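The briefing below accompanies the sequence and the structure.

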Amino acid sequence: MTVNKPIFRGTFAIVLVFSVSACNERASYDSGAQAGSNPPLPAAKSFFAPPMQVPKRVGWQNGAVPKVADGLKIEAIASGLTHPRQVYGLPNGDILVAESSSPEAEPLTSPKQFIAGLVSSRSGKSAKGANRITLVHKRTDNGVWEKHVFIDNLHSPFGMQLIGDTLYVADTDAILKFPYKTGETRITAAGVELADLPDRINHHWTKALLASPDGKKLYVGVGSNSNITENGLDVEYRRANVLEVDTETGASRIYAAGIRNPTGLQWEPKTGKLWAVANERDEIGADLVPDYITSVQDHGFYGWPYSYYGQHVDSRVKPQRPDLVAKALKPDYAIGSHVAPLGMVFYTGINLPTQYRGGAFIGEHGSWDRSPLSGYAVTYVAFDNGRPVGAPKPVVTGFTSADQKMLYGAPVGLAQAQDGALIIADDVGNVVWRVTK
Amino acid sequence: MIPKPFIYRSKPATAAFDLLNPIPYGLFVGTLIFDLIYASNADVLWAKGAAWLVTIGLLFAIIPRLINFGHVWFGPSGGVGGSEKIDFLLNLLGIVFAIANAFIHSRDAYGIVPMNVVLSVLTVFCLSLGQTVLAVHKFGLKGNDRE
């Protein structure tokens, strides 16, 4: 059998090479080290299999709560919810909670999608939502927070904005208008469609919403239909952008493009500029690509899918577009790789200590494509003269177990309540948290 | 030297092997064709098709490869020729390449190129060579001269 020895050796060598290359690399930077306006960007890597680390959902047990930074308190104002994804503070102090999840409209088109779906479902982040908005109200007589089903039978709702007496709700496929009266706890009127939204596949399904100060426009965050165009470029029509919708006519245009998954749309209080938080692409390294917050310029292009952080070309995209790469804007401020930010709020209240005023709280849903985990926290980025300064500070933590195997909760959407409390949607713990001083 | 004819012990196992063994080969050839098309036109339809072909090919390969493993290494003493051992090892190598290729196809979009084409070519080459070795073995067998 001497003739077969080279084949044996060759087979063994190939198995060994692939086994070694299959090992997941560990991150070299923590989120803080990759924060700021000039994050270090290592070279892109390609992997034998997508690196995955997914903690298992256990929820908050025996009255456990997240940890908060010194000087802060946290309480649950609603629990037992069905996948609370976004929160919104009404002027009378009531809190709206969108209990929502993906419409599950993405067809199964690859074996990877099937297997990755099985692994990532461990975390509970993709559990089914109730497709409704719940109103959380604090009773004046006994101070108890109570829940009311506010609007039912929605279609993966996320963004909520009140303009005058009209409540705008961004379902995954349309913006709906509802009449709102202060203090009411249920809207029975059917929603009237203002504008349709891109709703094919809905790989990234959330549609963030922000009204202009004069109430004439709505800005909508529309995520991409893929990680990096693996579903084809044609399904990315009007995706990965911020749309501007006229509230009078429903007419829309692309305000800014090339932002892979923009949410947390906010007006920066000092400059009045539009800001967004964005999830960047996966599977080219534990330290790539840092997620970011950025001011969003009218007609700006921010790179996706062709490049990241300006002119760093992503070779997975074909055909490439050097013309678009050349004009890609660099985001303002990195917040670390794979932290998965899905909520942001500029804090303009006075309830929280002074060090939290004027900057942005960020809800980091947490990583799956990285070891060790990153995100799973609410962080705070200070702003000075309309620009972020310093490193993000963790404010609310303790969502994972110390060994990173168990997941108690995961912060998503954020809001500032009328009284200045910070409100956090937790779609793994199924809780809405309220942070005060 | 005149090669000996192959000896088979189990009719059901031989039938199952003959029925199932061509399926992965066909699917791997399909994977190669789809990978070549994707490398050329970058239309993700072909990449996703190739990912399914190589995955399903591997699933269909499990039973015939196990049967062949038993036949070649645990068959009757003296009943298995060197060509069958070479064929077994070439198939093993081909399956290793196909498994690697299935993982490569888990990358997104054009990130699979060119490794998808390289591994598809190697897979089909190994399986084709094994089949050729067996075919060549048939020539010179006693009885073949009757035809």
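**Chain contacts, core and sheet**

In chain A, 28 residues are in contact with 21 residues of chain B, two residues being in contact if their C-beta atoms, placed from the backbone, lie within 7 Å. This is a predicted model, in which local features need pLDDT of at least 70 and side-chain atom pairs count only at pLDDT 80 or more, whereas totals for chains, interfaces and linings use all residues. Residues are numbered from 1 along each chain as its sequence is written, and chains are lettered from A in the order in which they are written.

**The side of chain A that touches chain B**
- The elements giving two or more residues to this side are α1 (5-22) and α2 (111-120) of chain A, helices being DSSP runs of H or I of at least four residues and strands runs of E of at least two, numbered from the N terminus.
- The largest share, seven residues, comes from α1(A).

**Nonpolar cores**
- The largest nonpolar core has 139 residues, and those with the most contacts inside it are A:Val97, A:Val220, A:Phe361 and A:Val432; such a core is a set of buried Ala, Val, Leu, Ile, Met, Phe, Trp, Tyr and Cys residues joined through C-beta atoms within 7 Å, where buried requires 20 or more other C-beta atoms within 10 Å of the residue's own.
- Helix α4 (residues 82-104) of chain B gives the most to this core, with 13 residues.

**An open sheet in chain A**
- Four strands form an open sheet in the order β4-β30-β29-β28 (chain A), with antiparallel pairing, for which DSSP must find at least two bridges between two strands.
- Five bridges join β4(A) to β30 (residues 431-436) of chain A, and A:Lys73 stands opposite A:Thr436 in β30(A).

Methods
Buried ≥ 20, exposed ≤ 12 C-beta atoms within 10 Å, placed from the backbone.
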